[in-house]
Amino acid sequence: MKIILGLGNPGEKYKNTRHNVGFEFLDKLKQEWDFPDFELNKKFNSLVSKGSYKIQDTKYEILLVKPRTFMNLSGEAVRSILDFYKLSPEDILVVHDDKDILLGEFRLATDSSSAGHNGVQNIIDNLSTQKFKRLRIGVGAETNLPAEVFVLQKFSDEEKEKVEKVLEEVGEEIEKIL
């Protein structure tokens with residue numbers, strides 16, 4: 001089993017904000033892979049969509065997960081899922097925003113620090129390791145705003161087009177990433 005975890009904040013207030021690009025990516029994957037609608041799993045305090053997908057001649061059961069905790073407590077959901085399914089951190093891919101990467105770009109990281117991302121740091125703290133894959137989607141722009149204000153801003157129409165394009169590119173690469 002593989003777990004793809006999108007980071008974000010629950011609720012309409014945070015929809016289409018920079019911080020919720022992980023949720024947006026999972027919505028795109030769910031649609032492309034024809035997975036069932038997300039349903040609340042109280043045990044994991046997360047919205048979950050479970051399906052199977054073939055990657056390089058191997059069919060995997062995949063769980064798409066959107067924690068209902070707020071961003072900075074994402075590790076609680078991750079820990080409960082790994083414990084329940086008896087998986088290791090190497091079985092997860094965490095998808096999140098990164099203000100230090102230009103809008104429209106993405107990077108893959110494995111076994112790296114949180115680089116100041118509180119949601120990722122909470123996962124590292126809950127798992128006692130940083131040995132998991134991370135897909136860092138750029139939301140950065142030059143700004144004088146504090147990071148905690150900037151990441152909660154909604155995308156402009158022009159920025160939204162760039163986000164949709166990069167999410168499409170990432171979707172095409174996901175098989176190599178998993």
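User: Which helix does E148 lie in?
Analyst: E148 is in helix 4, residues 147-150. Helices here are DSSP runs of H or I with at least four residues, strands are E runs of at least two, and both are numbered from the N terminus. Bear in mind that this is a predicted model, where local features need pLDDT of at least 70, side-chain atom pairs count only at pLDDT 80 or more, and totals for chains, interfaces and linings use all residues. Residues are numbered from 1 along each chain as its sequence is written, and side-chain values use heavy atoms, leaving out hydrogens and water.

User: OK. Is E148 buried or exposed?
Analyst: E148 counts as exposed because its relative accessibility is 56%. The cut-offs are under 20% relative accessible area for buried, over 50% for exposed and partly exposed in between, with a 1.4 Å probe and protein chains only.

User: And how many Å separate its C-alpha from that of H19?
Analyst: The C-alpha atoms of E148 and H19 are separated by 9.3 Å, although the two are 129 residues apart along the chain.

User: Zooming out, what's the order of elements in the chain?
Analyst: From the N terminus, the order is β-α-β-β-β-α-β-β-α-β-α-α. That makes five helices and seven strands.

User: How compact is the chain?
Analyst: As compact as a globular protein of that length, because its radius of gyration is 15 Å, close to the 16 Å from the globule rule for 178 residues. The radius is taken over C-alpha atoms, and the rule is 2.2 Å times the number of residues to the power 0.38. The C-alpha atoms fill a box of roughly 45 × 30 × 30 Å along the principal axes.

User: How much of the chain is buried?
Analyst: Buried residues are 49% of the 178.

User: What about the largest nonpolar core?
Analyst: The largest nonpolar core has 25 residues, and I4 and F25 have the most contacts inside it. A core here is a set of buried Ala, Val, Leu, Ile, Met, Phe, Trp, Tyr and Cys residues joined through side-chain atoms within 4.5 Å.

User: Which elements give two or more residues to it?
Analyst: Helix 1 (21-32), strand 4 (58-67), strand 5 (92-102), strand 7 (133-140) and helix 5 (157-177). Helix 5 gives the most, with six residues.

User: What is F25 in contact with?
Analyst: Beyond its neighbours within four places in sequence, F25 is in contact with V95, L135, I137, L167, V170, G171 and I174. Contact means heavy atoms within 4.5 Å.

User: What lies apart from that core?
Analyst: Another core, of 19 residues, including F44, V94, V120 and F132.
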